[in-house]
Amino acid sequence: MKRCVPSISILAAALCLPTSAQVVAVLEHPQCRDDQSRVVRALFAKESGRWRSVVRADFSETTPRTWFQTAGTAASKTIQTIQASPPPDDKWLFARDFSLVPSERSLLPNAPNPESKFQGWCDAPKNRPVALTSIDVRTPLAPALPTAAALSAAQQRSLLRAFLRTYSSKTLCAYTDNKRTMVAPISIRTSDLVFRANLELPRDSRLVAVGLKRPAFGCNSEGGSAELPRWFVLDPQPRFLGASMQFIQRVPTSELGVPSYLFWYSGYNEDGYIMFDNRLQESTRFTWKYH
């Protein structure tokens with residue numbers, strides 16, 4: 001049996017999914033819009049035990065919707081969303097074009113973004129994205145916090161090797177100090193790395209974001225500067241997850257105690273979200289392009 005529940009749209013729509021499906025959304029400032037009021041954007045739906053990205057075909061009539069914010073709270077906090085009118089029947093619309101409007105903006109959670117993270121093609125948002133779910137899982141997850149344990153010298157060396165393996169050219173270059181049009185190969189050492197995140201994971205593993213102290217790019221690459229930070233699971237050897245991502249938070253799922261991991265992604269002509277399963281093995285993407 002299916003029901004229509006609201007989607008993600010300024011134009012107003014409803015998300016048609018099986019009643020048992022869990023939907024993950026974000027409360028966000030939309031990218032590259034004059035109106036920077038926060039909206040709710042539906043991203044992923046879980047059906048038959050697997051996650052998939054929300055697509056245009058999921059949308060139909062308008063319906064109010066309740067979303068639950070559970071991370072780091074003693075009790076679930078809800079956000080009600082509404083839509084004013086149904087969307088036009090426009091075949092050129094994409095899932096990226098839809099978002100839900102919170103019914104009471106004064107009740108939205110504060111999520112300041114003082115470090116200007118989560119920047120896409122446009123400015124960094126005033127508030128960081130906040131993950132929401134359509135099901136009250138009732139198992140609040142504490143935010144993933146930086147571990148107090150520093151990375152050992154051996155771990156840093158293994159991360160350096162893994163970091164360099166992610167570049168097909170095997171060599172990185174940087175602009176010289178005196179002529180911006182000239183480039184020079186650089187040798188990367190552990191002292192050149194910046195560990196922008198070091199988060200504890202279950203089973204004594206870690207989620208680590210690796211950057212560089214100065215801009216660099218693949219010497220034989222036409223892709224521009226290196227996509228940073230680059231994320232690894234340290235368990236105990238580094239396993240590469242991806243680049244150009246910012247960790248948002250763990251997301252509770254309908255399986256008790258089994259969270260997923262939600263990231264913001266911004267690459268060349270592409271912004272959006274990536275969610276990994278609890279093992280940080282499989283990922284699902286909800287991204288969009290600008291041209």
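**Entry 1**

The model is predicted: local features need pLDDT of at least 70, side-chain atom pairs count only at pLDDT 80 or more, and totals for chains, interfaces and linings use all residues. Residues are numbered from 1 along each chain as its sequence is written, and side-chain values use heavy atoms, with hydrogens and water left out.

I then listed the lining by name: Glu-28, His-29, Gln-31, Phe-118, Pro-125, Asn-127, Arg-128, Pro-129, Trp-264 and Tyr-273. A cavity here is a set of points, on a 1 Å grid over the protein atoms alone, where a 1.4 Å probe fits but cannot get out, and a lining residue has an atom within 4 Å of a point. The largest cavity holds about 60 Å³ of space, the volume being the space filled by probe spheres set on the points, which are joined across faces, edges and corners. I counted two cavities of 30 Å³ or more.

**Entry 2. Disulfide**

I searched for disulfides, taken as pairs of cysteine sulfur atoms within 2.5 Å, and found one. The sulfur atoms of Cys-32 and Cys-122 lie 2.0 Å apart. The link of Cys-32 and Cys-122 is right-handed, with 110° about the S-S bond. This pair connects distant parts of the chain, 90 residues apart: Cys-32 sits in the loop between strand 3 (22–28) and strand 4 (39–47), and Cys-122 in the loop between strand 9 (101–102) and strand 10 (130–133). Strands are DSSP runs (E, at least two residues), numbered from the N terminus.

I also checked exposure, where buried means under 20% relative accessible area, exposed over 50%, and partly exposed in between (1.4 Å probe, protein chains only). Cys-32 is partly exposed at 39%, and Cys-122 is partly exposed at 27%.

I traced an open sheet of four strands in the order 18-19-20-21, with antiparallel pairing. Strand 18 (245–251) and strand 21 (283–289) are its edges, each pairing on one side only. I noted an average twist of 15° from one strand to the next, with axes fitted as lines to C-alpha atoms and angles running from 0 to 180 degrees between N-to-C directions.

Two strands pair if DSSP finds at least two bridges between them. Strands 18 and 19 share six bridges, and Gln-246 stands opposite Trp-264 in strand 19. Strands 19 and 20 share seven bridges, and Tyr-261 has Phe-276 in strand 20 as its bridge partner. In the hairpin of these two strands, with two residues between them, Asn-269 takes a positive phi near 55°. Strand 20 (270–276) joins strand 21 over seven bridges, with Met-275 opposite Thr-284.

I examined strand 19 (260–267) for burial: eight of its eight residues are buried, so this strand is largely enclosed by the rest of the structure. Ser-260, Leu-262, Trp-264 and Ser-266 point one way, and Tyr-261, Phe-263, Tyr-265 and Gly-267 the other. In a regular strand the side chains alternate between the two faces of the sheet.

I found an open sheet of three strands in the order 12-11-15, with antiparallel pairing. Strand 12 (183–186) and strand 15 (217–218) each have a single partner strand, so one side of each is left without a neighbour in the sheet. Strand 11 (172–175) joins strand 15 by two bridges, and Leu-172 has Gly-218 as its bridge partner.

Key. 1 Å grid on protein atoms, 1.4 Å probe; cavity = no way out; pocket = protein on both sides within 12 Å on 5 of 7 lines; lining within 4 Å.
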